Amino acid sequence: MAAMTRALLLLFALAIRSAGGQQRVHNVIDFHAAGDGKTDDAQAFLGTWQAACSDAGEPVMAVPGGRAFLLSQVSFQGPCKSPITVKLDGNIVAPNHIWTKEAANLLTFLGVDHLTLDGNGGIDGQGAIWWDCYNRKKCHARPILLGFARCNNLTVRRIHLKDSADKHMTLFQCSQVNVDSVSVTAPADSPNTDGITVALSNNTYISNTSIQTGDDCVSVLSYTKNITVTQSRCGPGHGISVGSLGRSETAMVEQITVSNCSFIGTMTGVRIKSWQGGKGYAKGFLFQSLNMTEVQYPIVIDQFYCPQGNCPIKHGGVAISDARFIDIQGTSSEQEAIRLLCSQSVHCQGIYLSNINLSWVNHTSPANATILNAHGSTGGMVVPRIQFSDFL
């Protein structure tokens, strides 16, 4: 009995010692990063990553504050031996020239599970030169700023992303993702600078973000399930969008929630958009407790999405159903505050609106709604008035 007691006490002591131990910090400066904003520190970052990723003690890769680190294209690859934290307190800057002619990410995390990216720092894509090149039709491919692919149990906190050449952050084939208190900024006229794009992913929770860009604040693409955006600010930009869907893939989207968000000066508020002739489904939407301030079109379902215009009429479409719009208040900058435009061949089903109050800003005339091939019901006050199609 005494021997067993001593063994238990020893195990307890070891557990206490282990709990009190500190994570090992792998600092990019120790791997010869210059941090002067001029020297390419990509190899120093890769060396730091390799050391941290092979550390079994839940390590930290540290990017210290007060410095700017110039990085060319870098891919941080897993799997790692244990959960890993990248502490970004400094600022990463992209090269200020056209550095690729192919689709690319400036920074990629690939196949890394239990990753946390956290800190007071940021990543600057130096996008102005790219936007000009794109607008002059000389750059057909532009790099994404930060990409995560095949990452499970991912946390991204507090960092600031700015001026990406193209999209700012992408989540591709990821699961169990938490994005919190991240800010994204780019000029309102910067092309295709979406804030956060989610595709082929599930169980993603985006909260307390502030996104001001030239395209969608958040875009949710096909093969996604259980995505939540909450307590966030959007604008300028194109709003929070599901899609576009069905252009070349069979759409599969379900369980999307957008709640307790504000939209300021955006093109749309919440939107589901799909191409004519598409296949698949998008279902299970909840858009709740949203505030709109001078939003062009606050509530949109569009099964005729065609940004270039002059798309031919096609039979079929992505089946959109079970979309609830509840407690949405504010103003539209166009008289048509609600647009529910659904296909003649694949009507929208199960649309529900409740406690909606949208007015046309700076006008005494009321806002209105356009409904085409949409079926559903309303509850409580709904302004503007909704008249659903009464036949199938």
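## Parallel strands

Strand β14 (residues 169-172) pairs with β17 in the parallel sense, over 4 bridges. Strands here are DSSP runs of E with at least two residues, numbered from the N terminus, and two of them pair if DSSP finds at least two bridges between them. Across from Ala 199 in β17 stands Phe 172. Strand β17 also runs parallel to β20 (residues 218-220), joined by 3 bridges, and there Thr 197 has Ser 219 as its bridge partner.

Which way do the residues of β17 (residues 196-199) point? Ile 196 and Val 198 go one way, Thr 197 and Ala 199 the other, and all are buried, meaning under 20% relative accessible area with a 1.4 Å probe, protein chains only.

This is a predicted model, in which local features need pLDDT of at least 70, side-chain atom pairs count only at pLDDT 80 or more, and totals for chains, interfaces and linings use all residues. Residues are numbered from 1 along each chain as its sequence is written, and side-chain values use heavy atoms, leaving out hydrogens and water.

## Aromatic rings

The whole structure holds 9 aromatic pairs. Rings of Phe, Tyr and Trp (its six-membered ring) pair if their centres lie within 6.5 Å; planes under 30 degrees apart count as stacked, over 60 as edge-to-face and the rest as tilted. Trp 275 and Tyr 305 are edge-to-face because their planes meet at 85°, with ring centres 5.4 Å apart. These two residues are 30 residues apart in the chain, and both are buried.

Terms used. Buried < 20%, exposed > 50% of the residue type's maximum accessible area, 1.4 Å probe, protein only.
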